Amino acid sequence: MKKYIDNLIQYKFLLSELVKKGIKLKYRRSYLGIVWSLLEPLLTMIVLTIVFGTLYGNTDKTFPVYILTGRLIYSYYSTATKSALKSIRANSAMIKKVYVPKYLYPLSTVIFNYIIFLISLIVLAAVSIVLGIKPTIYLLQAPIALILVLILSYGCGMILATIGVFFRDMEYLWSVVLMIIMYTCAIFYYPEKLLKSGWFWILKYNPLYGIIKIFRDSVFGKPINMHYLMYTTAFSLLCLVIGLVCFKKKQDDFILHI
């Protein structure tokens, strides 16, 4: 771990450049550029509110905020892990020419998507104010969820980046898995009925839902759920350790497969 941190300090300039490059490439040839990080969640929230609000007959005026809190967390996790999965192959030309710690590539994709994600939280703040949701002391819990989703995304991203080098179909399989995760995170439906049924484990043991639950509670002024806090923390750290170990063991073989 000490060597990992020392390399990170030594190559911090390169990491920052990779992050800047990622942000620029994401919005290249786009007239609105970074503004899309605000418009996309807003437009998605409007569509989901209309569709699922009508479908479930939901008249709660705070429903758009409920959707947005889940959608923002999920969208970051989805985008970050998919980008990390492709990161080694996407930078194969540089890897073949010059030595750079390979973990910088998935790390940079997770970080630049995280920066865009933090910017998109402006939309959540604005919508919450418009709909009359006032900040409470529980809003101080929000950074816990934001840190946990970063750790979980990086840990999963490192595992996926390792697998993706040797198993190219992982990119397509992960898209299917993400779709399943989206429907099991209670993004656009209330979880009460599911939690009281025989399918409660789908939410209870879904670490991403746990993070969304912590984040929602902070926005809506509720105390943190200790079960979800302990479970998601343990799961996120475990993913991080597994990801770092797997990546370190296999990184020398990457050059033979990219």
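Begin by selecting Lys26, Thr79, Ser83, Phe112 and Asn113, which lie nearest the centre of the largest pocket, a pocket lined by 32 residues. As you look around, keep in mind that this is a predicted model. The volume of the largest pocket is about 770 Å³.

Next, colour the helices that surround this space: H2, helix H3 (36–55), helix H4 (63–90) and H6 each contribute at least two residues to the lining of the largest pocket. The largest share of that lining comes from H4, which supplies 12 residues.

Now select helix H2, residues 12–26, whose 15 residues reach 21 Å from the first C-alpha to the last, close to the 21 Å expected at 1.5 Å a residue. Which residues of H2 are buried? Show Leu15, Leu18, Val19 and Gly22, for these are the buried ones in H2. They cover an arc of only 100 degrees around the axis, and therefore they sit on the same side of H2. An α-helix has 3.6 residues a turn, so residues three or four places apart point the same way. Turn the view to the other side of H2, where Phe13 and Lys24 are exposed.

Finally, move to Gln141, which you will find in the loop between helix H6 (104–130) and helix H7 (142–166). Is Gln141 buried or exposed? Its relative accessibility is 11%, and because buried means under 20%, Gln141 counts as buried. Display its neighbours beyond four places in sequence, and you will see that Gln141 touches Ile214, Asp217, Ser218, Lys222, Pro223 and Ile224. Within this group, look at Lys222, whose backbone oxygen lies 3.2 Å from a polar atom of the Gln141 side chain.

Notes. Residues are numbered from 1 along each chain as its sequence is written. This is a predicted model: local features need pLDDT of at least 70, side-chain atom pairs count only at pLDDT 80 or more; totals for chains, interfaces and linings use all residues. Side-chain values use heavy atoms; hydrogens and water are left out. Helices (H or I, at least four residues) and strands (E, at least two) are DSSP runs, numbered from the N terminus. Buried means under 20% relative accessible area, exposed over 50%, partly exposed in between (1.4 Å probe, protein chains only). A polar contact is a pair of N or O atoms within 3.5 Å; within protein, one must be able to donate a hydrogen and the other to accept it, and residues adjacent in sequence count only if both atoms are side-chain atoms. Contact means heavy atoms within 4.5 Å. The expected span of a helix is 1.5 Å times one less than its number of residues. The arc is that of the directions from the helix axis to the C-beta atoms. On a 1 Å grid over the protein atoms alone, a cavity is a set of points where a 1.4 Å probe fits but cannot get out, and a pocket is an open set with protein on both sides within 12 Å along at least five of seven lines; lining residues have an atom within 4 Å of a point. Grid points are joined across faces, edges and corners, and a volume is the space filled by probe spheres set on the points.
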